[in-house]
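I opened my notebook for a first look at this structure. Here is what I looked up, entry by entry.

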Amino acid sequence: MRRLRRVALAAAGVALVLVAALVALAFYASRHSERLLAEVGKGLGREVRAERFGFTVRGGAGITLEGVSIAEDAALAAKEPFLMARRLELRLRLLPLLHRRLVVDRILIDEPVVNLVRAKSGAMNVDSLGRTAPAPGAEAAAAAGAAAAGGPPAFQLAVLRLRGGTVRYRDTSTERTVELRDVAVDARQPQFDSPVPVMVHARLATADLRLDDIVSEGVFELAGARATYRGSMHAGPGAFGPIAVTRLTAEVRASPPVLDLEKATLETLGGTVEGSAHLTSEGKDAGVTARIEARGIDLAQLPSPRDRPRPAGTLELHGTLAGPPPGGPTFADGASGQGRFAVADGRIEGAGFGRPVLDALQPFLKPGVPDRLRQRYPDLFAGDDLRFTRLSGSGRLAGGRIRSDDVVLASTSYEARGEGSLGLDGELDATFRLVASPDLTDDVLGQSKARPVLVDASDRLTIPLRARGPVRHPQVTPDPAFAATVARALLGPDLGEAAGSLIDRLFGGKHKKGR
């Protein structure tokens with residue numbers, strides 16, 4: 001009985017302490033709310049306001065603030081506050097309250113809207129957090145409250161949690177805005193003068209970019225000249241414009257206007273794209289450098305309108321890029337780079353070599369031969385598609401065009417080697433030298449007297465072609481010099497007038513130009 005009595009007395013004592021602490025908390029919330037806001041604002045360097053105050057015991061004793069707003073940096077002259085939140089809870093430690101000391105253990109923020117602004121000077125609005133003095137009224141209230149309480153409260157914070165938030169980033173120099181939704185943040189022991197471990201969950205949605213299930217874990221620093229974040233990130237699914245993304249992972253370092261991505265891996269179009277990038281969006285060092293390696297990209301999965309040619313094949317790409325910031329007016333002309341590419345088992349609709357080859361060979365073909373060629377060699381003659389088992393080469397980007405002098409197209413019935421350029425606007429200008437397989441050469445030329453002048457050193461039919469126009473549907477024609485070769489083979493060197501007539505018939509002359 002004596003032991004039970006002691007236990008009961010101890011429990012009653014604890015209960016009395018808890019009641020006393022709650023009473024102190026309620027009294028503090030009702031009598032010192034302005035002082036509390038002033039102290040928080042003093043720590044942030046911004047004015048803090050709230051519409052209503054209260055206290056809660058759910059999940060631990062704490063003070064609640066509803067309709068919370070944190071003012072923007074006055075130097076930015078912004079219309080919207082830095083932060084607005086539906087509700088904010090400050091979980092307090094009870095024992096320090098009995099000694100009239102305020103020790104905040106956790107801050108919970110519900111449904112906040114955070115506005116991150118980058119000024120034209122390059123400074124971020126978060127750079128001044130914890131550095132500027134609060135509004136004069138808030139400072140006076142803090143001083144008066146501190147004097148009445150016998151000294152400033154201890155403001156120690158262990159955990160900052162944010163749920164259901166929205167983070168808007170706006171660059172005033174470009175007026176570009178990016179919005180993160182469904183944001184959840186967990187920060188441990190946040191301080192302005194030391195690194196803060198942070199975990200972020202979010203969803204990104206813009207007009208041309210969507211990423212779901214973003215998770216990033218790293219360290220946020222405000223102590224330097226610029227706010228800096230470094231950590232790991234993974235996200236997905238999502239979409240870059242019309243291209244679906246399965247997953248994205250990367251090591252991130254961001255200190256606006258500088259962004260670095262290392263060990264980045266993008267899973268898309270059935271394959272992977274790996275690489276790294278460094279971007280400085282403005283200033284004397286503005287520009288981008290990147291390294292990209294793509295493997296297993298299924299070109300058939302590229303979105304394409306129904307009325308546009310659809311490519312096919314599996315792409316492998318290795319390249320580097322350097323130039324002005326993407327999206328700027330000088331990027332297309334100022335970007336430079338180089339790399340190698342290869343496409344296996346591919347097809348380009350509307351860019352076939354078969355029709356121009358048949359047009360060039362028409363003088364040698366007997367009735368019915370074109371149909372037989374289409375059956376025997378479908379990769380070259382079956383339709384208007386360009387079909388190949390291998391497309392490879394290297395490229396150099398400069399002046400808004402990609403140039404190459406070692407393009408190779410190969411299939412079972414032909415091999416074509418070419419050179420030319422492709423503009424970033426999609427305009428193609430290239431020449432190819434198509435070499436027929438031995439079987440195709442025999443089927444077309446047989447023992448024709450023209451064979452000696454139409455075959456190369458390996459006794460294979462060789463036809464020069466030119467491709468011009470939009471890369472989605474270029475115009476492919478025989479080189480005019482080949483028409484002269486055909487004329488000499490058929491008519492002899494002395495029949496110049498007849499040769500001219502034949503060339504006019506082969507290439508359509510004025511009639512073709514008017515089509």
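I began with E179, which lies in strand β7 (strands are DSSP runs of E, at least two residues, numbered from the N terminus). The model is predicted, so I kept in mind that local features need pLDDT of at least 70 and side-chain atom pairs 80 or more, while totals for chains, interfaces and linings use all residues. Residues are numbered from 1 along each chain as its sequence is written, and side-chain values use heavy atoms, with hydrogens and water left out.

Is E179 buried or exposed? I found that E179 counts as buried because its relative accessibility is 18% (buried is under 20% relative accessible area, exposed over 50%, partly exposed in between, with a 1.4 Å probe and protein chains only).

Next I checked polar contacts (pairs of N or O atoms within 3.5 Å; within protein, one must be able to donate a hydrogen and the other to accept it, and residues adjacent in sequence count only if both atoms are side-chain atoms). The E179 side chain has one of 2.8 Å with the side chain of R168, and one of 2.8 Å with that of R181.

I then looked at the strands around it, which pair if DSSP finds at least two bridges between them. Ten bridges join β6 (residues 159-171) to β7 (residues 176-188), and the two run antiparallel. V167 stands opposite L180 in β7. The hairpin of β6 and β7 has four residues between the strands, and E175 in the turn shows a positive phi of about 60°.
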